[in-house]
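My notes follow the viewer.

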Amino acid sequence: MNDQTTLNKSDRSSCGGTECEGGARTVRPAYRAERRDTGVSLHIALPGVAKGQATVSVEDGLLTIRASRGDQVPEGWTARQEVRVPSDYLLRLRLHEDLDPTGAAAELRDGVLSVAIERRSETLPRSIEIN
């Protein structure tokens with residue numbers, strides 16, 4: 001996909017794999033963008049994140065996805081190895097002007113956040129009747 005046609009690359013301030021925002025380990029999650037005729041679909045990997053722990057917002061054409069991963073483990077589980085996992089996720093993407101975020105929809109299932117953003121109706125192809 002050509003990111004310029006539907007999305008502009010994200011602002012580089014998303015703390016990709018570094019400490020930021022209060023010292024919590026914040027990472028830029030992996031994502032995939034798919035261009036469709038009517039808009040764009042984003043699929044963002046957020047392993048360990050529950051529905052109430054993620055937010056999606058758009059302000060001034062900037063799509064921001066924030067999520068926190070709980071550190072709860074099921075009862076009876078014992079860690080065999082200490083592995084440092086991200087506790088916070090942050091992804092910022094500049095939306096192309098052809099996209100209309102007012103009708104955006106998001107769903108979090110099995111650790112993957114799917115976001116669908118449609119194109120503005122005036123940018124969709126249409127047929128013009130000839131008289």
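These entries go from the ground rules to the sheet, then to the charges and the loops.

**Ground rules**

I am working with a predicted model, where local features need pLDDT of at least 70 and side-chain atom pairs count only at pLDDT 80 or more, while totals for chains, interfaces and linings use all residues. Residues are numbered from 1 along each chain as its sequence is written, and side-chain values use heavy atoms, with hydrogens and water left out.

**Entry 1**

I took strands as DSSP runs (E, at least two residues; helices are H or I, at least four), numbered from the N terminus. I called two strands paired if DSSP finds at least two bridges between them.

I looked up the strand order first. The sheet is open, has four strands and runs β4-β5-β10-β9, with antiparallel pairing. Its edges are β4 (31-36) and β9 (99-109), and each of these pairs on one side only. I read an average twist of 15° from one strand to the next. For such angles, axes are lines fitted to C-alpha atoms (for helices, over the stretch in contact), and values run from 0 to 180 degrees between N-to-C directions.

**Entry 1: pair by pair**

I then walked across the sheet.

- β4 and β5 are antiparallel over six bridges. They form a hairpin with two residues between them. R35 has V40 in β5 as its bridge partner.
- β5 and β10 are antiparallel over seven bridges.
- β9 pairs with β10 (residues 112-119), antiparallel, over seven bridges. D100 stands opposite E118 of β10.

How enclosed is strand β5? I used these classes: buried is under 20% relative accessible area, exposed is over 50%, and partly exposed is in between (1.4 Å probe, protein chains only). Five of the seven residues of β5 (residues 39-45) are buried, so the strand is largely enclosed by the rest of the structure.

**Entry 2: salt bridges**

My criterion was a side-chain nitrogen of Lys or Arg within 4 Å of a carboxyl oxygen of Asp or Glu. The structure holds four such salt bridges.

E118 bridges to R36, with the closest N and O atoms 2.8 Å apart. This pair links distant parts of the chain, as E118 is in β10 and R36 is in β4, 82 residues apart. E118 is partly exposed at 31% relative accessibility. R36 is partly exposed too, at 25%.

D100 bridges to R120, and the closest N and O atoms are 3.7 Å apart. D100 sits in β9 and R120 in the segment after β10, so this pair ties together parts 20 residues apart in sequence. I have D100 as partly exposed at 22%. R120 is partly exposed at 29%.

R109 bridges to E107, with the closest N and O atoms 2.6 Å apart. R109 counts as exposed at 53%. E107 is partly exposed at 39%.

D88 belongs to strand β8 (residues 88-95). Its side chain does have a polar contact with the side chain of S68, at 3.0 Å. By polar contact I mean a pair of N or O atoms within 3.5 Å; within protein, one must be able to donate a hydrogen and the other to accept it, and residues adjacent in sequence count only if both atoms are side-chain atoms.

I checked phi last. Most residues other than glycine have a negative phi, and most peptide bonds are trans. I logged two residues against that background.

D60 is not a glycine, yet its phi is positive, about 50°. I found D60 in the loop between β6 (54-59) and β7 (62-68). D60 is exposed, with a relative accessible area of 70%.

D110, also not a glycine, has a positive phi of about 55°. D110 lies in the loop between β9 and β10. At 76% relative accessibility, D110 counts as exposed.
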